Amino acid sequence: KFVLAERVLQVAPSPTLAVNAKAKALRAAGADILNFSVGEPDLPTPAHVCEAGKQAIDDGYTRYTPVAGIVELREAVCAKLQNDQGWDYAPDQVQVSCGGKHGLYNIFQAILNPGDEVLIPAPYWVSYPPMVQLAGGTPVIVPLKEENNFDFDPATLARYATPKTKAIVLNSPSNPTGAVFSLESLVAVAKMARDHGWLVITDDMYEELYYAEGKVPHILHADPQLKDQVVLSNGVSKSFAMTGWRIGWSVGPIEVIKAMNKIQSQSTSNPAAPSQYAALAALTGPQDFPRLLREAFIPRRAYFVKALESIPGVSCVTPMGAFYVFPNFSAYYGKSFKGQVIDGSVALADYFLGEAKVASVPGAAFGADAFIRFSFATSMERIEKGMERIKQALANLR
Ligand code: PLP
């Protein structure tokens, strides 16, 4: 019998897969499924960006590029950081990779030794713990509280830090909660990072999808001097509806980026050349698209939160960014329908799919079983219909 690698065996399969597979099967069988599990904007990639990708192919940009990405794109990333934030970075401090996900994977591969611990606030984006494990590190989950709007409690964070802590991941706005860390908390995190020499990885993928005035608070606002200990991760997937183009980037200390380039050179090489030119057009062309996304999402978000809050026993923190709501349904756990007991988020998401024909993602996938994630990157009409069905399905539980 073929023996698989230990590293594969230690990574748990995603609990979302079961629900997704079932959703697909139901849809194939003709069921009218409302899908709230999607993690991508429902608008198409802007036309000028698509044109740039096509033009790149016509112009013959169909060959290898530098491993870290074309210099024009890395310069555009630096210019964006300079213009938006006043942060000074050079193109050799930037690595372009196959989506933000691949960039994060490279970061962990470049910095972790066996036994190194990475602090991951929960609810967390599904991929952080397995990525850390695949790099030989140990994910250390730091719980965030709903009653604290999923912001940091520095005292809690301090309890999870050990001498083995190597890094911390900050994802704000967060997938799945939409929460944004307060500047005050980030000041406390920055102090700990500085005192203990942690690398701070900021996953800024949703920074353009922020529903308050001004900029999303960032650890480099809290402590600009921390720059040598911070790696920024970002990309065009969400802000320019470019999930399929697979372009993201990491920006940080040159030694870390160089190490990541070594890994990228021995694994994927450069990300697809035409995609890099499309991303370049996204960053250097008209910047109104993220605003259009925000404007489309704001009424849906308001409706979703209000509808959820009107259901007895359900609470929902208003997301400050991204395009997900993350309501707490734990008041319904222990109830049942026709003998099917709802013992947690996986069972509830399964029930919503079977009974309400609504696909969602169980909170267990994000390390928070009390919750279910719904994406509002779908039409208002579907959201209204979906919420009616959810309300009814919950009312049917005994
Ligand atoms: N980070 C977060 C928090 C995300 O939600 C996602 C995508 O779902 C990513 C990173 C990865 O994005 P990409 O599609 O660019 O790999």
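Predicted model: local features only at pLDDT ≥ 70, side-chain atom pairs only at ≥ 80, totals over all residues.

Biologist: Which residue stands opposite Ile372 of β14?
Modeller: Pro362 stands opposite Ile372.

Biologist: And what is the strand order of the open sheet with β14 in it?
Modeller: The order is β9-β14-β13, an open sheet of three strands with antiparallel pairing. β9 (324–325) and β13 (361–362) are at the edges; each has a single partner strand, so one side of each is left without a neighbour in the sheet.

Biologist: Now the open sheet of seven strands: what is the order there, and what is the pairing?
Modeller: The strands run in the order β2-β8-β7-β6-β5-β3-β4, and the pairing is mixed. Here β2 (94–97) and β4 (138–143) stand at the edges, and because each has a single partner strand, one side of each lacks a neighbour in the sheet. From one strand to the next, the twist averages 20 degrees.

Biologist: How many bridges join β5 and β6, and is the pairing parallel or antiparallel?
Modeller: Strand β5 (residues 165–171) and strand β6 (residues 199–203) share five bridges in the parallel sense. In β6, Val200 is the bridge partner of Ile168.

Biologist: Which strands does α5 touch?
Modeller: α5 packs on the sheet and touches β2, β5, β6, β7 (230–235) and β8 (248–251). Its direction makes about 35 degrees with that of β8. Helix α10 (residues 254–265) also packs on the sheet, touching β2, β7 and β8. The direction of α10 makes about 30 degrees with that of β2.

Biologist: Moving to the ligand, which helix gives the most to the shell around it?
Modeller: Helix α5 (residues 99–111) does, with three residues.

Biologist: Which residues come nearest to the ligand?
Modeller: Of the 13 residues around the ligand, the nearest are Gly99, Gly100, Lys101, Asn175 and Ser237.

Biologist: How does the shell divide into nonpolar, polar and charged residues?
Modeller: Two are nonpolar, nine are polar and two are charged.

Biologist: Last topic: what does the UniProt annotation say about residues 32–390?
Modeller: The unreviewed UniProt entry annotates residues 32–390 as "domain: Aminotransferase class I/classII large". In the model, that span is 39% helix and 15% strand, and its end C-alpha atoms lie 14 Å apart.

Technical notes: Residues numbered from 1 in each chain as written. Near = placed C-beta within 6 Å. Helix = DSSP H or I, 4+ residues; strand = E, 2+ residues; numbered from the N terminus. Nonpolar A, V, L, I, M, F, W, Y, C, P; charged D, E, K, R; others polar. Pairing = 2+ DSSP bridges. UniProt positions renumbered as here; feature names shortened; annotations may be inferred. Axes fitted to C-alpha atoms, helices over the stretch in contact; angles between N-to-C directions. Contact = placed C-beta atoms within 7 Å.
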